[in-house]
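Hello,

Here is the structure I promised to pass on to you. Please open it alongside this message, and read on below for what turned up in it.

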Amino acid sequence: MTDTPMLSPASSEESPREALSRVVQILRPQMEAMAEQIVRQIQDSVPEYAGPEGAPRHQLLVLAARTAARHFLDDAEQLPGQERHVDEMFRRLGYTQAQRGRSLESLDAALRAATRWSWRYLAEFAVGHDLSGTDLRDLAGAVFDYLEHLRDQLVEGFELAHRVGKVGHDAARGRLFERFLADPVSRPGPGVRLGIDHQDLRALAEAAGWSIPETVVALAVSYFGEPPTVLESPTMLIHVEPRRMLVLCPPEERDELVAQISSSGPGLRIAVSWPVPPGESGSALRWCQRALDLVQRGIIVPTQVVDCAEHATQLWLHAEPSMRQHLCQELLRPLLAEAPNSRSILSETLLIWAETRDSAPAIAARLDVHPQTVRYRWKRINQLFGESLRDPEFVVQMTLALKSSIPLWRAGDQSDFDLFNERLESTA
């Protein structure tokens with residue numbers, strides 16, 4: 001037991017709730033260590049949960065124990081809590097255990113081990129902090145009631161998995177994911193709704209045992225070797241492909257899921273969409289996969305977590321590669337004909353002008369060059385494009401073509417220049 005301040009004397013006018021709050025304030029600093037010891041006891045006592053420290057199974061158990069402990073303490077002190085979040089986590093745990101063929105007896109054995117260790121820990125805590133018999137009784141009662149509540153959530157998730165049936169469940173979820181991935185980009189038209197029809201989605205989701213959230217977030221994870229371990233749940237869909245894992249989940253589960261995946265091993269990259277209606281999940285999944293592709297091509301900066309919302313323009317501009325290349329060949333022909341160094345500095349200057357319409361000194365400050373250098377470049381740009389630069393429609397299209405093409409050129413992609421030269425030779 002670690003040294004902590006002693007409890008202040010109980011007041012005769014103190015309510016049971018106030019007394020419990022007073023006790024847990026002293027207990028709080030020790031709860032993280034208590035949670036880890038509980039996990040150790042579970043893994044030592046129940047063979048199904050055994051595993052080395054730091055392994056994915058151990059990390060998941062520690063995460064669940066710490067989250068439950070924090071919620072118990074917050075609830076005891078009447079602080080704003082996340083009961084729904086904790087309950088959903090333990091339902092997911094029960095659900096996953098059933099899917100992996102573990103028995104309800106192993107869950108109960110784990111809870112018995114947690115209860116035994118909790119009682120031992122609380123008894124030592126009571127002795128070390130001069131708790132009264134009433135304080136110990138109230139604290140132990142609250143802890144055991146909470147453990148019983150968590151068992152109810154585990155059992156609920158466990159029984160749901162058995163009601164759905166593992167084989168039928170996996171096949172139905174596979175069909176649902178295939179439907180999302182096959183959903184074509186909706187063509188605009190009067191009264192045409194984006195995404196999958198709601199009735200079709202509801203029927204597929206019911207067969208798959210998927211509790212449709214109000215909105216969903218898509219994740220695409222690139223990995224090497226084995227895919228990261230993720231706790232499945234009724235509100236989550238997971239599809240594993242070679243070197244990529246795709247996930248759909250409610251927005252409130254996103255941060256925890258990203259943290260869990262990020263810490264599960266090296267070499268992982270996660271692209272995350274913004275929330276969309278469930279019927280538009282296919283679009284969100286495409287954005288995430290495109291974001292990972294653009295990272296590989298050097299267009300998006302390679303961070304471990306790629307937020308699609310921060311790169312929405314590039315995701316849109318690269319949605320139709322053939323259209324981008326067509327616009328590039330039609331609108332940027334004068335630049336494509338320039339020598340590589342000239343093309344680089346002229347395109348960079350032209351894009352800044354098109355985006356800002358700033359003066360030569362302002363553009364020079366952004367490029368860290370002399371204003372006269374910008375004026376020289378602008379003279380050459382006018383020679384190349386002439387009156388087209390006074391056409392608003394041309395400038396808008398040219399801006400988009402530059403914005404999508406320059407990152408490719410910087411990353412070393414030569415396809416635009418190769419195509420330009422091929423066409424030039426064919427007409428010679």
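Setting aside its neighbours within four places in sequence, Phe-385 is in contact with Leu-331, Pro-334, Leu-335, Leu-350 and Phe-394. Please keep in mind that this is a predicted model. Phe-385 belongs to helix H16, which covers residues 371-385. Its relative accessible area is 7%, so Phe-385 counts as buried, the cut-off being under 20%. Arg-333 lies 52 residues away from Phe-385 along the chain, yet their C-alpha atoms are separated by 9.4 Å.

As background, nonpolar side chains tend to be buried together in soluble globular proteins.

The axes of helix H2 (residues 31-45) and helix H5 (residues 104-128) come within 9 Å and cross at roughly 135°. H2 and H5 are therefore oblique to each other, and H2 passes H5 in a right-handed crossing. On the H2 side, the contact is made by Met-34, Gln-37, Ile-38, Gln-41, Ile-42 and Ser-45. H5 contributes Ala-110, Ala-113, Ala-114, Arg-116, Trp-117, Ser-118 and Tyr-121.

Next, have a look at helix H8 (residues 198-208). Which of its residues are buried? They are Leu-201, Ala-205 and Ala-208. These residues cover an arc of only 60° around the axis, so they sit on the same side of H8. The face turned away from that buried side carries the exposed residues Gln-199 and Glu-206. After H8 comes Gly-209, which has a positive phi, near 70°.

Finally, some figures for the protein as a whole. Its secondary structure comes to 18 helices and five strands. Of its 428 residues, 46% are buried. Among contacts between residues at least 6 apart in sequence, 71% join residues at least 24 apart.

Definitions and conventions: Residues are numbered from 1 along each chain as its sequence is written. This is a predicted model: local features need pLDDT of at least 70, side-chain atom pairs count only at pLDDT 80 or more; totals for chains, interfaces and linings use all residues. Side-chain values use heavy atoms; hydrogens and water are left out. Helices (H or I, at least four residues) and strands (E, at least two) are DSSP runs, numbered from the N terminus. Buried means under 20% relative accessible area, exposed over 50%, partly exposed in between (1.4 Å probe, protein chains only). Contact means heavy atoms within 4.5 Å. The arc is that of the directions from the helix axis to the C-beta atoms. Axes are lines fitted to C-alpha atoms, for helices over the stretch in contact, and angles run from 0 to 180 degrees between N-to-C directions. Angles under 35 degrees count as roughly parallel, over 145 as roughly antiparallel, 65 to 115 as roughly perpendicular and the rest as oblique. A crossing is left-handed if the near helix is turned anticlockwise from the far one by less than a right angle, and right-handed if clockwise.
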